[in-house]
Each structure stands twice: as C-alpha cells, then as structure tokens.
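Hi everyone, thanks for coming. Let me put the sequence and the model up on the screen, and then we can walk through them together.

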Number of protein chains: 2
Amino acid sequence: MIHKILNKHKVVLASESPRRKQLLEMMGLKPLVIPANIAEPITNERPYKQAINHARNKANKVAAAFNPDTIVVGSDTIVVLDQHILGKPADAKQAVDYLRLLSGKDHYVYTAICIMWNNHCISDYERTKVSFCTLSEQEIEEYVKTGEPFDKAGAYGIQGYGAQFIKEVRGCYFNVMGFPLQLFYRSLKEMAADE
Amino acid sequence: MIHKILNKHKVVLASESPRRKQLLEMMGLKPLVIPANIAEPITNERPYKQAINHARNKANKVAAAFNPDTIVVGSDTIVVLDQHILGKPADAKQAVDYLRLLSGKDHYVYTAICIMWNNHCISDYERTKVSFCTLSEQEIEEYVKTGEPFDKAGAYGIQGYGAQFIKEVRGCYFNVMGFPLQLFYRSLKEMAADE
C-alpha cells in the first residue's frame, strides 16, 4: 500500500491544489507542499500530452531543490469538452459559459502525474469520462454564487456542491478530483520494484 | 440546488453513517442525525428491494417523532459480488475473505434512499459498478490492519485507504460512498415541484 511503500520517505507535492494534498493525506501521507508556479499555457497538443508536460515541469522544477531520495510528485488536470480545453474560469461570466457547455453532456478529465525518485522518473495519465446533468440557468447562477467554480478547471468541483450535478463517472473518480490514486499506487510499486 | 430547496427546512438523517452526514454537509446542509437502529437482515430478495426496504424502514421509524414538514432521509447500501451480498465484516477473518473475493473483480453497489416530507414519500436507488484491482495477500493484510474495513459493507472504504485499490467506477461515485447525491437532488426537485 502507498503508506507502506513511502513509509520512510519524504514526499513533496509540487502543486498547490488543496484537493491533491487532501487525497495524499487520505493515503496516510504528510506531503510537503511546494507549488511550482510554472506557466501552464493551453496549446494545440493533445490533452494528455499537455497534462504530462505540465506535471513533469512542476516535478522537475521542485525536485531540483531536494535530495534524490525525496519523492517529488507533480500533477496536472485538464478538462476537455468536444475537443476544447476548459481551464480555470477567469471570471463569473466565463464560469457561466463553461457550465452552459458542460450541461447535459459528457466530458473528459485528464490528470497526469510525474513521480521523481532516486533519479528515476515516471509520468503517466488517466482519463475519466464525466456525465453532467442538464442544468437550468437558475442552477448555473446559484452554483456560480457558491464561489466553487473559480479555482477549478472546467468551472466545477466534483468534491463539493458540484457533486449533485454529476450523473455518472466512468473511470477513476479521484482523477476528476485532481489526482489518480490507483495510477499513483501502480507507479510507485513499479518504481519500488526497480530499486 | 439542494441547499436552496432545503433552505428553510429541518433535515433529519436516519442513519449513523458518518459518510452520509459528511456528504449532506458537503451540500451545505446541517442534518440532525438520528440513527434508526433497525435490523437489516440479508434475505433472498433482490438487492435493490432490500436496500429500499431498509431505507424506508429507517425513515419511517425516525419520521414518527417529527412534524411532517421535517425532511427525514433514510438510506441503505448493499454490496453485491457474483449475486452474493457482502455485509459489514464480522471480524478480521471475514474482512480478509471479502477482500479476496473482491480482488480483481467487478462488483455492484446499491444505495437506496427514502425521503419523507409533508406526508409524501419517495424511495429510489442507484447502482454503481466498481472494478477492484488484483490484491496480493500482503496488501489484504496491510489493508485490514488499517482498521478501515470493519464498519463498511463489503469490507472496504472508497473514501479512504481503499481508494488506491479501485481501478474504475461506473455510475454515481457518491453512491459507493453511501449516498447517491444526484438521485437525492432529483428526488427533492420532484417533491418540491409537487408542493
């Protein structure tokens, strides 16, 4: 299990997402949080590649300051609807626009992780399909008023008020929250076996 | 949204599950928790029927003590693997047995809710498919040692260490946690429209 593999190791999370920290804590870890503060421009590359690049850049930047036996984890989440990437909404108007787009449709959430440990590096990603309910204008307005959409890619939080709008998830749920726990565990086992 | 519909109403949760309380709080509610303490025998009836019966019995018993304008919510979760119902494990040995059964397989989680409000009653359920990783004997042993399996149907918690063993969820994730939030919201809208 994750807490057994990482028992005696320092874990650094190169991300300021409180949800990622919370998920690592749920696994029994006490990660040190060092935000990488790198630019995450949206490009024309395929979403999984962008997510992996961002995750790797975050881990790379933060790992430079630590000994190689520290586990440094970078992660990045990208929300894709009809081939378009929905980032964090700039303001209430854009949050409303995003929620109108998500309403009644399926979208995909890609989260990449990059683990750096003892001069090894593993990067990988998960993709989860999320089916949204049809939202009325009133629901969108009420939801934006909760303030929840603002710091989240795609303008919704699945671990919050947004939960009531989610009809179905297909894949890793924690991936939608921002960190694919099963993939993280699989990757750690692979790295530990290589030691 | 849920917190808007229930704005001025007292909400009573007829269940002692801390996870259900947590999910209702996530929706902005402050439920009063009154465990119904009814028997939940496993019978030969179909799982969804058993879950609905238990949810209804819980709501019924607790609602008797409140005014009709109080919203009383009963809920029950049943875990089904290969037609067999896995209840809460009686001891560590049974937890190990259940986890061996779940390992590498898909199972189904049924959660029923029953809402009583103004002499109306709605009961319904959701079914979610959960795909488990293949677990080694060491993983099973380590997991049982965390103590997490004991108070949970099926001997695992998806919102805890168990998360790392879940390959895929198909359906409502919160249903697996013990309370189908989208179904709850849909049912409340229906009841509010009938007023």
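Let's start at B:Gln83, in the loop between strand E3 (71-81) and strand E4 (84-86) of chain B; helices here are DSSP runs of H or I with at least four residues, strands are E runs of at least two, and both are numbered from the N terminus. This is a predicted model, where local features need pLDDT of at least 70 and side-chain atom pairs count only at pLDDT 80 or more, while totals for chains, interfaces and linings use all residues. Residues are numbered from 1 along each chain as its sequence is written, and chains are lettered from A and ligands numbered from 1 in the order in which they are written.

Back to B:Gln83: its phi is positive, about 70 degrees, although it is not a glycine. Most residues other than glycine have a negative phi. Is B:Gln83 buried or exposed? It counts as exposed, because it has 7 C-beta neighbours inside 10 Å. The cut-offs, with C-beta atoms placed from the backbone, are 20 or more other C-beta atoms within 10 Å for buried, 12 or fewer for exposed, and partly exposed in between.

B:Asn37 also has a positive phi, of about 50 degrees, and is not a glycine. You'll find B:Asn37 in the loop between strand E2 (32-33) and helix H3 (47-63) of chain B. With 10 C-beta neighbours inside 10 Å, B:Asn37 counts as exposed.

Over to chain A for one more loop residue. A:Lys105 sits between helix H4 (92-102) and strand E5 (106-117), and is partly exposed, with 13 other C-beta atoms within 10 Å. Leaving out residues up to four places away in sequence, A:Lys105 touches A:Leu81 and A:Phe132; a contact means C-beta atoms, placed from the backbone, within 7 Å. A:Asp69 is 36 residues from A:Lys105 along the chain, and their C-alpha atoms are 44 Å apart.

Now the chain as a whole. Chain A has seven helices and seven strands, in the order α-β-α-β-α-β-β-α-β-β-α-β-α-α. Its radius of gyration is 17 Å, close to the 16 Å that the globule rule gives for 195 residues, so chain A is as compact as a globular protein of that length. That radius is taken over C-alpha atoms, and the rule is 2.2 Å times the number of residues to the power 0.38. Buried residues make up 46% of chain A.

What about the two copies? Chain A can be laid on chain B with an RMSD of 0.0 Å by a turn of 180 degrees and a shift of 0.0 Å along the axis, the superposition being by least squares on C-alpha atoms of residues with pLDDT of at least 70 in both. The copies are thus related as by a two-fold rotation axis. In chain A, the C-alpha nearest that axis belongs to A:Arg170, 2.2 Å away.

E7(A) and strand E7 (residues 166-171) of chain B pair in the antiparallel sense over three bridges, where pairing needs at least two DSSP bridges. In E7(B), B:Gly171 is the bridge partner of A:Val169.

Definitions and conventions. Contact = placed C-beta atoms within 7 Å.
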